[in-house]
Every structure is written in structure tokens, then in C-alpha cells.
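Please work through the exercises below with the sequence and the coordinates open beside you.

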Amino acid sequence: MPGVVTLSIGLLLAIQAVREFLLPDTWDIRLVLDLALVPARWTLWFDPGRASEVIRAAAETGDPSLEAAREAFARFIVGEHAFQPWTLVTYALLHGSWMHVIFNSVWLAAFGSPVARRCGALRWGLALAGTAAGGLLHVLIDPLSAGPLVGASAGISALMAAAARFVFQPPVSGYGGPSWQVPPHRPAETIPELLRNRTAVSFLVIWLLTNLLFGLVSVPLVGESAAIAWDAHLGGFVAGFLLFPLVDPREPGRH
């Protein structure tokens with residue numbers, strides 16, 4: 001794997017290990033409060049008058065047996081009145097479990113590697129842009145949620161979309177290796193070209209339908225109890241798809 005992908009995966013695993021084996025529970029809770037993305041914080045910062053809506057939404061959403069705990073946490077969020085803009089990207093550093101971080105690491109290795117090989121480490125900011133876009137869409141779609149959002153999935157979705165712009169191109173004539181390993185550099189497919197590429201279209205349709213299913217029925221990740229934040233995935237994917245041409249290095253002599 002490219003070094004930047006290896007370092008990214010190593011960082012995510014190291015953070016999970018520190019939280020799991022070294023941090024006391026109170027410190028870990030504080031870490032989540034400081035780094036996770038809580039949509040209600042953003043909503044209340046711009047419109048403090050919606051405090052009662054946040055508390056009511058927390059009480060009415062999810063497992064009835066946890067209603068009191070959710071309402072208490074929502075009241076805490078209302079009382080702290082903290083904006084914490086850095087959480088728009090730092091939420092990607094935290095994960096809910098080992099299953100969560102390992103699952104994301106596999107997808108990061110698969111789709112981050114071709115993007116890193118093509119674009120280089122300095123353009124790895126595409127993943128950060130996808131993370132921020134995913135977090136922002138999550139806030140816009142679920143503004144009253146007091147539930148912390150964690151996970152690198154939005155940034156990985158941006159890399160998936162970026163990779164889709166070039167990894168499904170037909171093999172280069174005369175080149176014997178896989179096109180996503182060390183191919184001669186070719187321009188990324190334009191949107192019309194991509195729509196004529198059946199493999200790429202199939203990938204995009206399956207990805208979008210899968211995330212739509214997650215959103216409609218709140219399907220949890222295998223081995224997890226929390227539902228997937230499909231809107232964050234979608235925001236990251238769209239950002240990666242549209243922004244990739246801006247970070248894609250031009251061929252020598254092309255203008």
C-alpha cells in the first residue's frame with residue numbers, strides 16, 4: 001500500500017487501541033465529546049431557540065429503554081452551548097468498535113490505494129474534504145440529533161467515488177498489468193464517459209442503492225448495534241466524485 005494509506009490505517013487502529021486499552025472510561029467519554037460530531041451542537045449555536053426541539057427529539061428517537069439517558073445527554077448538549085467546528089473532520093478519527101475500524105480500514109486500503117498512487121500524498125486532502133462534506137450533510141439532514149457521529153466512512157466514500165473516475169477504464173492496449181496498479185496515466189473519465197462505462201455505472205448504482213437501503217430501514221453494520229450514517233456516506237461520495245478532477249495530477253505537457 002502507499003505510505004499515506006498505511007499511515008492512515010495505522011493511525012485509526014492506534015487511536016482505537018489507546019481508547020480500548022489505555023484510556024479510563026471518563027477520559028474516553030471526554031474524548032468522544034470533544035472530537036465526535038453532534039449535529040445538535042451546530043443547530044443550537046446558530047439557533048439557541050431550538051433547545052426544546054433537541055430534547056424532545058432525543059426522547060422520542062430510538063430504543064424506549066434508553067429514553068432517559070438520551071434525554072439527559074441532550075440536556076447536557078443544550079447546556080454546554082459549544083460549537084466545536086473542528087468536529088466536522090475529527091469525528092473520522094474515532095470508531096465505535098474494533099469491527100467498525102477494521103471494516104473501514106479494509107475499504108480504505110482497497111479504494112484509498114489507487115487514489116494515493118495516482119494523486120500522491122499531498123492530495124490526500126480529498127479524504128478530508130469528503131469527511132467534512134459528509135459531516136455537513138449529516139448536520140443538515142438530522143439537525144436535531146444529539147447522537148455523536150464517529151467513523152471514517154465519509155472520507156472513504158470520497159475515495160471510492162474518486163477511484164470510480166478512473167479504475168474502471170478499459171485496459172491500456174499493450175499493457176499487461178491491472179489498470180489500477182501502475183498504468184500509464186490517462187485522464188479521469190468525464191461524467192458522460194463514465195455513464196457509458198457499464199462497470200462504473202453498475203458500481204455507482206449498487207453503492208447508491210445500498211446506502212438508500214441503509215437510510216430507509218436503518219440497517220446496522222454487521223456486528224454493530226448502531227445504524228449507519230448513510231447521509232454522511234452520501235455527502236462524502238458526492239464530494240469525492242465532483243472534487244477529484246481538481247486534485248488529479250495532469251499529465252506532463254497537458255494544459
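Predicted model: local features only at pLDDT ≥ 70, side-chain atom pairs only at ≥ 80, totals over all residues.

**Exercise 1.** Determine how many helices and strands the protein chain has, and in what order its elements run.

*Solution.* Counting the elements gives 12 helices and zero strands in the protein chain. Read from the N terminus on, the order is accordingly written α-α-α-α-α-α-α-α-α-α-α-α.

**Exercise 2.** Describe the burial, the contacts and the accessible surface of the protein chain.

*Solution.* Begin with burial: of the 255 residues of the protein chain, 44% count as buried. Next, take the contacts with a separation of 6 or more, of which 81% are accounted for by residues 24 or more positions apart. Finally, the accessible surface comes to about 13,300 Å², and carbon and sulfur atoms hold 68% of that area.

**Exercise 3.** Classify the packing of helix H7 (residues 98-119) against helix H9 (residues 153-164), and characterise the residues that make the contact.

*Solution.* Two packed helices are described by the angle between their axes and the distance between the axes. Here the axes of H7 and H9 come within 9 Å and cross at roughly 30°. Angles under 35 degrees count as roughly parallel, and H7 and H9 are therefore roughly parallel to each other. The handedness of this crossing is left-handed. On the H7 side the contact is made by His 100, Asn 104, Trp 107, Leu 108, Phe 111, Gly 112, Pro 114 and Val 115, while H9 contributes Ser 153, Ile 156, Leu 159, Met 160, Ala 162 and Ala 163. Sorted by class, the residues of this contact comprise 10 nonpolar, four polar and no charged.

Methods. Residues numbered from 1 in each chain as written. Heavy atoms only, no water. Axes fitted to C-alpha atoms, helices over the stretch in contact; angles between N-to-C directions. Helix = DSSP H or I, 4+ residues; strand = E, 2+ residues; numbered from the N terminus. Parallel < 35°, antiparallel > 145°, perpendicular 65-115°, else oblique. Left-handed = near helix turned anticlockwise from the far one by under 90°. Contact = heavy atoms within 4.5 Å. Nonpolar A, V, L, I, M, F, W, Y, C, P; charged D, E, K, R; others polar. Buried < 20%, exposed > 50% of the residue type's maximum accessible area, 1.4 Å probe, protein only. Areas by Shrake-Rupley, 256 points an atom, 1.4 Å probe, with all protein chains shown as cover.
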